[in-house]
Amino acid sequence: MLSLALRRSFATVPVLLGVSFVVFAALHLAPGDAARTILGYGATEERVQALRAELGLDRPLLIQFGDWLWALLQGDLGRSISLGVPVSDIILDKIWASLLLMGASFALTAVFGLLFAALAGGAHRTVRDRLVTISMLVLASLPPFWLGIVLLFVFGLQLRLLPISGVGIMEESATILDIARHLVLPAVTTAASSLAVVARVTRSFFIDAMGEPYVLAARARGLSETRIVTVEAMRNVLPAFVTIAGLQIGYLFGSALFSEIVFNWPGIGLQLYQAILQRDFPVVQGCVLAIAVVFVIGNLIADLLAIALDPRRRG
Amino acid sequence: MIDCLRNTVVLARRSLLAGAATLALATLAPAPQAMADDTTLTIGIEADLARLDPHISTTWNTFKALLHIYEGFVAEDLLATGVTTPPLVPSLAESWEISDDKTVYTFKLRQGVTFHDGEPWNAEAAKFNLDRMTNPDFEFHQPGAVGMLQWVWGDLESYEVIDEYTFRITLKQPNSEFLRRLSAGGSGTPRMISPAAVREFGNDGINANPVGTGPFKFGEREVGVQTVLVKNEAYWDPERSPKLERIVLRGIPEVTTRELGLLTGELDMISTPSPDSLEYLEAQGITLVKGPVSTIYPIWLNFREEPLQDVRVRRAMAMAIDREGMTKYLRRGTAQPAYGILNFGGPGWDPDYRDFPYDPEAAKALLAEAGYPDGFETRLDWTMGGGGDVNTRADAEWIQRDLGRIGIRATIETFDNGTYWDMLAQGIREGSCCMQVSWGETSFFWLDLILPTSALPPNGFNSGYYENPKMAELLAAARAAPTEEEMVSLLHQIRDIVTEDVAFIPVYTPLQVYAMRPNVKGFVLAPQHWADYTSVFKE
């Protein structure tokens, strides 16, 4: 198991390298240039060329990428053009807010995805099953930027139950409760469609499992339906469920980008959005790398967990 | 065994219920007013601030904070009412003398002013800042400042310390707008930083530790979240001593979130609500303050596209666009039509000037006369907009429809603002007739960047390849004009030629809109991209 974990971990290195290079290349091939951005549009072409040479922007792309990578290995992600502060400071500052949002959304996705799947799949072709299925279809169809604004309107403005934006201003006095209150709506918005997808797919695993002979045997032994679903069928559904839930990490990142903007949640997504608008390439590069790392690690954990849960896959 | 399991399930159920109850309680707890005290003003702006070094500052939003932290020799009085351009007033210079040939400015500096770190303001501090902005050999030279402040220091010959409170600046040639440019803000601004702070924190460190002489001091900043300014108790001008203890500037790009934050009281004031929300906000008791700003949205026309090489085609396009309808129905009263290239608030702006009448029939006839009775196909390259722009895509659709009515079939392609400015810097691409950005200032330096042939891409923003040699001549003459009247008269000549050549189609001047809760008082809307918050207080 340990050697498998190590092998999988090493396999993530080329993935991260590939992602970094694609982003690096895309940013450098896009129109515009850092030297011009730094010097301003009033600068003469001569000065721009001089700064390009000073920054090494006139060298081949691969060499520039090598330099960036070498600096990265020393923990240096460069300096933000628009903010004038080190990129690593910004990322370290923002990553916690993002991880908090991701963690909460993922927990909602996994817990409620599994719960709804068991409710529906454990009672195939009943009213309950149909109700859950239809609800999940609706949930899966709600785009996060729309859902977020509707939730804000209802819970933030009409009912005044929850705050509109941010993580909890006034950091010193922020309690866990404050942060939780700020977290509810963004987490629900981020999780909504992934939760529905997980519930629908896992439901079908439950339906399959419920048709298996061991379920029939369990029924013959007089076990309650609840126990059959939550213990007997669950044991066989879990590995597939973990894989499906793990795959959602990527989608959650996509949704989180929208929720971070709508709820002004100060995470990596909001920073990335503002950095793109301001053409702040070092920050864009750093944010994408941070997202890729979290994505890859999340999937790695899901993979290993699925293998741990399913003896057949330990090869 | 089964009992044991059952117990576990029951326990699990109970803790789930307990969890749900806690969550419900958390939800029902009264929402704390983010900034309940009445000496703190929380403002929701369109984007987080960029770097806080004034010599290389970039966005108009950032200057909303910088103007309260840093000051220069002269300032625009943003608290003046009933003006189209804020009047110039002394700031860190108490008075000045200008030589007869208008090239030597001798500033008498204000005495007894200290920077927020206690460092005294004097001629040495002025020299330190001039060195930082313009002298490449200076230890603390800021390389970015050279390009960004070209429009201020372009005519600089030399500067010297005369005595502790006298500082002299000599120009190579007269510049009729020199004082105005010294006062201005936005991208690159010649404001004074504490030399001690630059020495202590280094050139880059100023972004995180800005130290000036202004009415507010830098408090703290959480990048991407908020910047807090704190009242400067030792401010030199009692008339502008802040009524508030703290200002919190929160960058919130999503307009709906800004509006909801204002409605719930998380924010006291927001800039640029959506035009479609104004009626709703007003009905909820929100105070709206509207007024024009020194900005214009002109359309650059591409002289390299074959049909547009004929002035009749360009004129037909200008006459086809219903600017009044656009400001009334699309912008819902948050804009006024712009006529002529001189922007509202800038020198020479004339409220009575008119350029092209809206007349689609005549435009169609003109197009036929030019050999395009069936119109032609082209493309509008458009921007999603930056900080203060609202739904610019809708403008493109309005123009597309208007052009369609005279037979010009245009498609629209939209780009993010950064890419768009780079495209503009490279010149309008083949196949596209038009580009549009918001521009304009209280000085006319921006015309130097869009009109003369010296500004043809990639050296400036004469992005439609408008080649009229008279422009450079007239602009130079306007800069060197000995009196304001002569400068204005030359600017009017420039405006009339640009109209005659139909090099640009001016579209509208936006009204900037601030929305605030009813207890926010004392706000003065300046005809500028930013406002002075020293007069604001909460009831």
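Between the two chains, 50 residues of chain A are in contact with 47 residues of chain B, where contact means that the C-beta atoms, placed from the backbone, lie within 7 Å. Please keep in mind that this is a predicted model, in which local features need pLDDT of at least 70 and side-chain atom pairs count only at pLDDT 80 or more, while totals for chains, interfaces and linings use all residues. Residues are numbered from 1 along each chain as its sequence is written, and chains are lettered from A and ligands numbered from 1 in the order in which they are written.

On the side of chain A that touches chain B, the elements giving two or more residues are H2 (34-39), H3 (45-55), H5, H7 (144-158), H8 (176-210), H10 and H11 (268-277) of chain A, and the largest share, six residues, comes from H11(A). Helices here are DSSP runs of H or I with at least four residues, and strands are runs of E with at least two, numbered from the N terminus. By class, this side of chain A has 30 nonpolar, 12 polar and eight charged residues; Ala, Val, Leu, Ile, Met, Phe, Trp, Tyr, Cys and Pro count as nonpolar, Asp, Glu, Lys and Arg as charged, and the others, Gly among them, as polar.

Let me turn to two helices of chain A, H5 (residues 87-121) and H10 (residues 225-262), which pack at an angle of about 145° with their axes 9 Å apart. Axes are lines fitted to C-alpha atoms, for helices over the stretch in contact, and angles run from 0 to 180 degrees between N-to-C directions. Among the residues that meet are A:Ser98, A:Phe106 and A:Gly113 in H5(A), and A:Val229, A:Phe241 and A:Ala256 in H10(A); the residues of this contact divide into 12 nonpolar, six polar and no charged. Within H5(A) itself there is a bend of about 30° at A:Ile95, taken as the angle between axes fitted to the seven residues ending there and the seven starting there.

In chain B, an open sheet of four strands has the order S4-S5-S7-S6 with antiparallel pairing, and two strands pair if DSSP finds at least two bridges between them. The edge strands are S4 (93-98) and S6 (156-163) of chain B, each pairing on one side only. Helix H3 (residues 123-134) of chain B packs on the sheet, touching S5, S6 and S7 (166-171) of chain B, and its direction makes about 160° with that of S6(B). Finally, S4(B) pairs with S5(B) (residues 104-109) over five bridges, and B:Ala93 has B:Leu109 as its bridge partner in S5(B).
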